[in-house]
Amino acid sequence: QYDKNAAYPAIESSDAWYTSVQDGNYTIKNGNELAYLAKLVNAGTDNFTGKTITLSEDIILPTGEWVAIGTSDNPFMGTFDGAGYTVSNIEIHDNDGTETNGFFGAISRATIQNLTVRGIMTLGGVQGDNNDVFTSGNGGICAYAENSHILGCTNAIDIDATGRYTTIDTPLLVGGVVGLCQGVTIENCKNEGAITVPDNTIAG
């Protein structure tokens with residue numbers, strides 16, 4: 001399903017963590033389970049409203065392209081608790097400018113907390129060429145967030161956007177923690193990733 005960069009196949013997913021739980025409190029322990037979370041949310045199967053996902057350990061993603069959790073049509077709407085753990089080896093390569101780029105792509109009325117993400121993001125192509133506000137944001141923790149809370153999170157994803165072209169109508173927004181947000185509370189968060197951007201860019 002993910003073919004915009006054929007050289008970077010998507011990470012395979014695993015569903016046991018989800019199908020075996022009935023009370024809405026989920027535990028994730030590896031990268032394949034994280035990939036299944038993205039699959040569930042992005043397909044509109046479950047937005048996790050009223051549910052909590054907690055990491056049980058540090059996770060090193062298997063080699064492959066990371067597909068962000070949440071889209072403009074299907075944002076993540078639950079609670080994601082990193083429990084102080086780190087997700088590393090995140091690889092994001094967007095060469096066409098039409099994707100939401102981050103560990104989370106889009107969240108709404110969600111809480112993301114106690115999480116560190118580490119990896120690389122490279123951006124090419126023309127920014128937001130489908131005129132969707134969601135594609136204007138690129139961020140390590142989250143690309144686009146609305147009416148949400150991001151608490152105690154650290155971005156250590158290095159973002160290289162020097163290959164991304166922009167126009168006056170489609171400025172490039174790059175953030176270490178979040179790329180674009182509305183009505184969002186951000187507390188005790190920090191950026192440790194290197195961010196490299198072209199002109200006509202809002203970065204922070």
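I started with threonine 116, which sits in strand β8 (residues 116–126). Strands (E, at least two residues) and helices (H or I, at least four) are DSSP runs, numbered from the N terminus. The model is predicted: local features need pLDDT of at least 70, side-chain atom pairs count only at pLDDT 80 or more, and totals for chains, interfaces and linings use all residues. Residues are numbered from 1 along each chain as its sequence is written, and side-chain values use heavy atoms, without hydrogens and water.

Is threonine 116 buried or exposed? I found it buried, because its relative accessible area is 16% (buried is under 20%, exposed over 50%, partly exposed in between; 1.4 Å probe, protein chains only). Leaving out residues up to four places away in sequence, threonine 116 touches Tyr85, Thr86, Val87 and Thr154 (contact: heavy atoms within 4.5 Å).

Next I checked strand β13 (residues 172–175). Leu172 and Val174 lie on one side, Leu173 and Gly175 on the other, and all are buried. In a regular strand, side chains alternate between the two faces of the sheet. Strand β9 (residues 137–139) pairs with β13 in the parallel sense, over three bridges (pairing takes at least two DSSP bridges). Glycine 139 faces glycine 175 of β13.

Then the core. Which residues touch the most other members of the largest nonpolar core? They are Phe76, Phe80 and Phe103, out of 46 residues. Helix α2 (residues 31–42) gives the largest share, seven residues. A nonpolar core is a set of buried Ala, Val, Leu, Ile, Met, Phe, Trp, Tyr and Cys residues joined through side-chain atoms within 4.5 Å.

Last, serine 72. I found serine 72 in the loop between β3 (59–60) and β4 (79–81). Serine 72 counts as partly exposed, because its relative accessibility is 26%.
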